[in-house]
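Here is a report on one protein model. Please view the sequence and the fold first.

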Amino acid sequence: MLLSLVLHTYSMRYVLPAAVMMGTAPTYVLAWGAWRLLSAVLPTRFYREVDDRLYTIYQSMVLFFFENYTGVQVIIYGDLPKNKENVIYLSNHQCTVDWIIADMLAIRQNALGHVRYVLKDGLKWLPLYGWYFSQHGGVYVKRSAKFNEKEMREKFRAQMKAETPMYLVIFPEGTRYNPEIPKVIADSQSFAEKEGLAILKHVLTPRVKATHVAIDTMKDYLDAVYDVTVAYEGTVDHKGQRKLAPSMTEFLCKECPRVHIFIDRIELKDIPEEQMYMRRWLHERFEIKDKLLIEFYDAKDSKRRNKFPGKSVHSKLSLKKTLPSLLFLGGLTASMLLTESGRKLYVKTWIYGTLIGCLWVSIKP
């Protein structure tokens, strides 16, 4: 009985945040859909400006749960500018929380609404979210031979033409680093060895295609590239071996006490333009990430573990930036659910929004 109560209490840590974040999605999609229709006759940049503001509201609510609710300490190293810029954000990838980390940095630059992702193609089928991410400026890509460079370039050109602010998040590894799937890590290391590249321990060998297309297409539009390295504290077992990074559920259950984020701002002039040379440059950047993570996880001196070298700042997110969004979206959703007609509209939005979204992304990938 006591064990059941403990387990129930533990599960409630993520049930409430998940219910609110998922539960407000139809309300958000209705508000966005109304604006999408109203702005159909307006220049694209007007649609983008309001869309970015709406996205800021929703993601601020998400950050209320992932930062304020969990109480996680965000430790920032390196040079994160205070002002918003048009950037490409390159990061190591180990779990779904990595998406949220990009939001954590963007909100500190007042650029949360500008966050857009390069995502693997299968995610476009997510109910409501998959369709919306593409409408917000996200790009879905297929791997290897199915990668459509022309289509990706066209999307970026359209966004530049509309003067869309850009905070483009790319995970060059192409998949997550998972210590529980050693074959993926071994295959990545074998590929690096075959290509004459340095073998990496705590990250996978990066793929250059999406990064090259993005930088090459928008080189005159971007201000910089952010090279970001993320480490989650508490991801080492009792034997000192690296464990799987926390899932969103585990993170919301407050299983991660601190997140360490190292940012290196790189000027575009310091990045090679040719794909062959950019590939080497990108691998060298991941060698730097690997050395940072080796220091974080494997330093011989235990006092040097669980932190990156250099100065750091404990950055706390103010409730003023997140709580109003929670109250606004939560109140709007609650008011819908209080009436019979509102409840019907809510359910229809989930059903038809998902169906229309799946149809849309299948026709216009």
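The buried residues of helix α8 are Ala-210, Thr-211, His-212, Val-213, Ala-214, Ile-215, Thr-217 and Met-218. Buried means under 20% relative accessible area, exposed over 50%, and partly exposed in between, with a 1.4 Å probe and protein chains only. Eight of the 10 residues of α8 are buried, so the helix is largely enclosed by the rest of the structure. Its cover includes β2, β3, α6, β5, β6 and α10. Helices (H or I, at least four residues) and strands (E, at least two) are DSSP runs, numbered from the N terminus.

This is a predicted model: local features need pLDDT of at least 70, side-chain atom pairs count only at pLDDT 80 or more, and totals for chains, interfaces and linings use all residues. Residues are numbered from 1 along each chain as its sequence is written, and side-chain values use heavy atoms, with hydrogens and water left out.

Helix α4 (residues 97–107) has 11 of its 11 residues buried, so α4 too is largely enclosed by the rest of the structure. Among them are Trp-99, Ile-101 and Met-104.

Ile-101 also belongs to the largest nonpolar core, which has 62 residues. Such a core is a set of buried Ala, Val, Leu, Ile, Met, Phe, Trp, Tyr and Cys residues joined through side-chain atoms within 4.5 Å. Helix α3 (residues 44–69) gives this core its largest share, 10 residues. A second, separate core of 38 residues includes Leu-200, Ala-210, Met-278 and Leu-293.

Tyr-167 is one of the residues with the most contacts inside the largest core. Leaving aside residues up to four places away in sequence, Tyr-167 touches residues including Val-87, Ala-102, Leu-105 and Tyr-226. Contact means heavy atoms within 4.5 Å.

The open sheet has eight strands in the order β4-β3-β5-β2-β6-β7-β1-β8, with mixed pairing. Strands pair if DSSP finds at least two bridges between them. The edge strands, β4 and β8, each pair on one side only. Strand β1 (residues 73–78) and β8 pair in the antiparallel sense over four bridges. Ile-75 stands opposite His-314 in β8.

The largest pocket has a volume of about 850 Å³. Of its 33 lining residues, Pro-172, Glu-173, Gly-174, Thr-175 and Arg-207 are the closest to its centre. Lining residues have an atom within 4 Å of a point on a 1 Å grid; a pocket is an open set of points where a 1.4 Å probe fits, with protein on both sides within 12 Å along at least five of seven lines. A volume is the space filled by probe spheres set on the points, which are joined across faces, edges and corners.

| Element | Residues | Lining residues supplied |
|---|---|---|
| β3 | 115–120 | at least two |
| α7 | 182–194 | four, the most |
| α8 | 209–218 | at least two |
| α10 | 275–298 | at least two |
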